[in-house]
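Here is a short report for a reader new to this structure.

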Amino acid sequence: MPSGDRQSLNWLLQQFQLKPGKPDILYGLRTLLAVSGPIAVGFITGHPAASTIAVMGAMFVGMVDTGGAYRQKATVMLAATIGVTVALLMANLVSSTLWLAIPATFLVMFIAGLAGLFGTIAATVSLVTSTMFIVSLAKFASFPDLSTVFLQCALCLAGGVWAMVLSLGLWVLRPYTPAIEAASSCYATLSKFLRMASEIPLTLEERQKWGEQFLQGQDSVIQDLTSARSVWGAVWTGRETADLRGNQLLVLIEDVNQITNSVVALVELLAIASTRPLFQQLHREIQQVLEASATALQILSESLAKEKNLVRLGDLDRAIEALEYQWQVIHSQVLNHASLAHADDFADLVSIGKIVASLKALAEQIHTDAEIATDLQRGERRSIAQLNIYPPIQPQRSSIIDTLRNNLTFNSVIFRHALRLALIVTTAQLVALLLQVPTGYWVTLTALVALKPNFGGTSQTTVQRVIGTTLGGIFGICLVILIHNPVAILVCLLILLVTAMSVRSLSYGIFITLLTPVVILLLNMTSKGGWEIGVLRIVDSLIGGILALLGSYLLFPSWERSQLPAQLTTTIRSNLAYFQQVAASYINPEQKCSTETIRNLRHQAALENANAAAAAQRLFSEPRHVRGEVEPIAMLILYIRAFFSSVTTLAEHQQKFSGEYQFADFQRFTDAIVQILENLANALEQGHPPLALPRLDIYIEAIHNDIEQLHLTRISELATNPSSVTSTRQAVREQTPVSTQLDRIAHEMKCMHCAIDRLQKSLNERVQPVSSSSKR
């Protein structure tokens, strides 16, 4: 198969890959209960058709249940219940006149598009509300009398309330469950992250692909950690202090952050040491400790989720014992031949010693968290030293009016998206109403769901929607043709519905593939549609997808190429602020910066790194003639994240840094790094090439000379008195890892500078032909 076809096939398969995580079977069963409840009531009362509206209300309200604290879910689901009911009422009021229905459609879609200003949850509520409006306009609204309208609204409201009861019924009995589940999810993701670290390749060629997966794993941990902090804050909102269980959960959640930082620093150390002969003698033991740690974290996650004491750490303890024994053997061998040792060999010994110490600290952290989890389940209090744990800071938000006022301009991406969404969906609705297409609302719904603020998101959703509908439609047609037993059809429908809802959060493409035959079977059960309904569903989705792509491409598009420099600027400055704080703690160790300050800066830098990576992925999915050269962008993001890892390694090392010995050129080096990062951020912001790099090699060479002299002095001490404990020994242990990271930071600065220089040149080359043609 040609490489181009292989890449296209791989990209297509990626659209239907499952995200990390387990299917939410409970959510699927809850959706089934939400749907079957109104249907059962309808059959019992003799009004099965009327129950359809209640089913729609229950399904749409259930779709906004994306997890979180009960208080959060209650607010969101109540807003969705009111929203879909108002949408149904509005559709009834405007359905009688075409020239009322069209402006109302435009207004509803425009408001739905603007909802993205207030976050993902608001956007989800607006999506189900606008979907209810489109469906109601096509299926339920037929200028009935006022009593019928009120009855429909009451049924819709009842369906939404029924979905809320199913989701929030355990609030009083188990108020802490969402926070415990969020903590459990963090440890499950952290386990996968650590297992990925244990699989680090020893060759540079294999490490690039592994590195991408490792960074994605790190982003997943950060996302789960952010979500867990939000859930914890929501559970204890309005309370001056958390109770015992709240404090224990907070410690567990924040320890995820600490372990993540330790793993990032550990992987840095492993990447440095992996090419050295001494490392090979310890590689098997290191891998066993990492695998045992990952297993322990997975068991800890399951223990939290099941609220049972399942944690057993015997395998981890045995792996640590084997590591310590082998380390002592290597350490003794080197010291016994100290007179023949080279400075580089001694540096390798210090580096491996740092790895061993980091793994032992990781095991101790896991032991501590296992004890806290046990106390949490038993309701016991234990005196465990947990320093520097602070309640998560809740982000400050602007008022709704200020946010709207600031974005009612064409400079706002969300404003342009809202206008685009309103125009495309209204056009589709107008055509469907004028031509009286029986299933024309499927075209409108596809365009509504597929249109995103950026072309990359639109194209991805469109592909998933159209291909998923096509596959599901074919499957649904086969079921309609082959199965005629009503009971068998009902069983297939229920199984498909539960499965579709269970995987909804893991893959939108698979969700649509499974949901499409549900719709086809349901319509065949309630009306005489036949297999032709499946064909109409496929054709309508294809038309709606084409409309979405054309709208995203032609109507004031928001190309990621123009947005990405601003995101990269923010990312670099976030990493700069993090570096400055860490460097300051080295320069003035007696005036150590607040651990909370460094923690918050690190978290913000990690979030911005993930945002930059996501923006780059959106850019890569745009048309080639728009996105331009992408290699410098990929290179820049790669080395920004490598810089973050280096700074995190320094921050972790600083916790045991006495500051008694300082490199003479350390401050001048860090000042130069600050200058470089400010220059790179300014170059991206202002659109000009970066200034030339300062002579970092001068500072690095001076630091190398200092560290080599320290190593030689220490070797001399060991040759005369192997058991001596001197200030040189302390300086070697403290400064060797620092020297290594400064080397890596200097290299990362050169690569980032090169990437931005290439990026700006490619942008200028694209602008110049346009300017020349305009002059002609």
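Which residues does Ser167 touch, not counting residues up to four places away in sequence? Ser167 touches Arg30, Asp65, Tyr70, Lys73 and Met77. Contact here means heavy atoms within 4.5 Å. Ser167 lies in helix 7 (residues 146-168). Helices (H or I, at least four residues) are DSSP runs, numbered from the N terminus. Ser167 has a relative accessible area of 7% and is buried. Buried means under 20% relative accessible area, exposed over 50%, and partly exposed in between (1.4 Å probe, protein chains only).

This is a predicted model: local features need pLDDT of at least 70, side-chain atom pairs count only at pLDDT 80 or more, and totals for chains, interfaces and linings use all residues. Residues are numbered from 1 along each chain as its sequence is written, and side-chain values use heavy atoms, with hydrogens and water left out.

Next, a helix pair. The axes of helix 8 (residues 177-198) and helix 12 (residues 283-306) come within 8 Å. They cross at roughly 165 degrees. Axes are lines fitted to C-alpha atoms, for helices over the stretch in contact, and angles run from 0 to 180 degrees between N-to-C directions. Helix 8 and helix 12 are therefore roughly antiparallel to each other, a term for angles over 145 degrees. By class, the contact of helix 8 with helix 12 has 13 nonpolar, eight polar and two charged residues. Ala, Val, Leu, Ile, Met, Phe, Trp, Tyr, Cys and Pro count as nonpolar, Asp, Glu, Lys and Arg as charged, and the others, Gly among them, as polar.

Now the rings. A search of the whole structure finds twelve aromatic pairs. Rings of Phe, Tyr and Trp (its six-membered ring) pair if their centres lie within 6.5 Å, and planes under 30 degrees apart count as stacked. Two stacked pairs follow.

| Pair | Centre to centre | Between the planes |
|---|---|---|
| Phe106 and Phe110 | 6.4 Å | 5 degrees |
| Phe193 and Phe214 | 4.7 Å | 25 degrees |

Phe106 and Phe110 both lie in helix 5 (residues 98-114), four residues apart, about one turn of the helix. Phe106 is partly exposed at 30% relative accessible area, whereas Phe110 counts as buried at 17%. Ring pairs link Phe106, Phe110 and Phe415 into a cluster.

Phe193 lies in helix 8 and Phe214 in helix 9 (residues 204-235), so this pair ties together parts that are 21 residues apart in sequence. Both Phe193 and Phe214 are buried.

Conventions. Helix = DSSP H or I, 4+ residues; strand = E, 2+ residues; numbered from the N terminus. Parallel < 35°, antiparallel > 145°, perpendicular 65-115°, else oblique. Phe/Tyr/Trp six-rings, centres within 6.5 Å; stacked < 30°, edge-to-face > 60°.
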